[in-house]
Amino acid sequence: MSWIQVLLISAVLALLVYLLRSRTNAKAKAWVKVGYLLFVITAVYAVLRPDDTTVVANWLGVDRGADLLTYALVIAFVFTTLSTYLRFKELELRYARLARAVALRNARTPEH
Amino acid sequence: MVRWSESPYTWPHWPAPSNRRGVVLWTSKQRTPPPGNARTADVWIIVPAFNEAQVINTVVRELRSTFPHVVCIDDGSGDGTADIALAAGAHVVTHPVNLGQGAAIQTGVEYARSRPGAGVFATFDADGQHRVSDVVAMIERLRGGDVDIVIGTRFAPSSAGRTPLLKRVILRAAAWLSPASRRLGLTDSHNGLRVFNRTVADNLTLTMSGMSHAGEFVALIDENGWRVTEQPVEIRYTDYSMSKGQPLLNGVNIVFDGFLRGRMRR
């Protein structure tokens, strides 16, 4: 096992621990965790046997496993960006409602 | 979030037309019922304002010469807009932080609809670009009873020639890009002047805080099946309102937010 493999695998495992420790109460997040577990297993496997990704790539009509990983990364990045954007919008809306409630409580009426 | 510290609540502004006949300030001498008149007692004028200290006094006093109930939503201004509006006779609701014009309108509607006797609601930009006489005419139109909301348009056939060609094309294209706007036959959905009844006020839920609320307003009209009509109004292009005009590029933000709107949980 080369050093880069040790680094990559420990990074992935650290992420797994982080994910499992946070947000433990939300039932809806369970599927995200299952998906993440699959991702971790795949990632460890791909690190240990990098040539196997090329085999999968060839099934899909892609030349190299590294290219396949790049494509997957781009898709994942776009997905993450969009979901972050929507999440921010939602937070902004909650924030606006909070500020509105404060504003309405402190409304001032003119004297005349 | 669309920052609009440099931009006012109005989009878009055009360069001053060559015949500046819209510039003359409306005076209260023109067919003004006294405040408290039965025709205006149930009317609430909603004025969202952000850093409008220079003009808010004039705008509120002009409105108050006709309408007894004016609420100014100070959207986190740092220039004393709130105090000036209060002194001029407006109710004042102050956002603790700057949220955007859409949020300010929503706050104003929620405040106004909670007041006893409120029946007619109007949004009115704080920079002095609208004429009070247009609001009076739009309220008369609403009281006809066959519509729920009246929106001002600067693109009536009588005034169409006064908008520069390029901007007219772009704005009409923007209107055409919005399916709701097209279905309803609206020509100027970004006009800040709107008059509506209790049905609309009670069910209004604007979620777009920034400048994209105008498109959202149209989408809500479409989704809720409110009966809508347009009424020709005149926009006063003063140097002040011109200097606060938004760049047309902001239209990109508005169109983009409009597309994403359907994908958000409400």
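# How the terms apply to chains A and B

Across the interface of chain A and chain B, the rule finds one salt bridge. The model is a predicted one.

User: What makes the pair Arg108(A) and Asp83(B) a salt bridge?

Analyst: Their side chains meet at 3.1 Å, N to O. The cut-off is 4 Å, between a side-chain nitrogen of Lys or Arg and a carboxyl oxygen of Asp or Glu. So the pair Arg108(A) and Asp83(B) counts as a salt bridge.

User: Which classes of residue make up the side of chain A that touches chain B?

Analyst: By class, that side has eleven nonpolar, two polar and six charged residues.

User: How many residues are in contact between chain A and chain B, and what area is buried there?

Analyst: 19 residues of chain A are in contact with 31 residues of chain B. The buried area is about 2200 Å². Carbon and sulfur atoms give 63% of that area. Four residue pairs are in polar contact between the chains, both residues at pLDDT 80 or more.

User: Why is Asn98(B) called buried?

Analyst: Asn98(B) has 15% relative accessibility. Buried means under 20%. Therefore Asn98(B) counts as buried. The residue is found in the loop between strand S3 (91-94) and helix H3 (101-113) of chain B.

User: What makes the reach of Asn98(B) to Asp75(B) a polar contact?

Analyst: The side chain of Asn98(B) reaches the backbone oxygen of Asp75(B) at 2.9 Å. The limit for a polar contact is 3.5 Å. The distance of 2.9 Å meets that limit.

User: How do you know that Arg64(B) has no salt bridge?

Analyst: The nearest side chain of opposite charge is Glu111(A), and it is 11 Å away. A salt bridge needs atoms within 4 Å. So Arg64(B), though buried, has none.

User: What does the side chain of Arg64(B) reach?

Analyst: It reaches the backbone oxygen of Gly89(B) at 3.2 Å. The limit for a polar contact is 3.5 Å, and 3.2 Å meets it.

User: Where does Arg64(B) lie, and which residues of that helix are buried?

Analyst: Arg64(B) lies in helix H1 (residues 56-64) of chain B. The buried residues of H1(B) are Ile56(B), Val59(B), Val60(B), Glu62(B), Leu63(B) and Arg64(B). They pack against strand S1 (43-49), strand S2 (69-74), helix H2 (81-87) and helix H4 (132-143) of chain B.

User: What is the secondary structure of chain B, and what share of its residues is buried?

Analyst: Chain B comes to ten helices and seven strands. Of its 266 residues, 58% are buried.

Technical notes: Residues are numbered from 1 along each chain as its sequence is written. Chains are lettered from A and ligands numbered from 1 in the order in which they are written. This is a predicted model: local features need pLDDT of at least 70, side-chain atom pairs count only at pLDDT 80 or more; totals for chains, interfaces and linings use all residues. Side-chain values use heavy atoms; hydrogens and water are left out. Helices (H or I, at least four residues) and strands (E, at least two) are DSSP runs, numbered from the N terminus. Buried means under 20% relative accessible area, exposed over 50%, partly exposed in between (1.4 Å probe, protein chains only). Lys and Arg count as positive and Asp and Glu as negative; His and the chain ends are not counted. A polar contact is a pair of N or O atoms within 3.5 Å; within protein, one must be able to donate a hydrogen and the other to accept it, and residues adjacent in sequence count only if both atoms are side-chain atoms. Contact means heavy atoms within 4.5 Å. Buried area is the accessible area (1.4 Å probe) that two parts lose on being put together, summed over both. Ala, Val, Leu, Ile, Met, Phe, Trp, Tyr, Cys and Pro count as nonpolar, Asp, Glu, Lys and Arg as charged, and the others, Gly among them, as polar.
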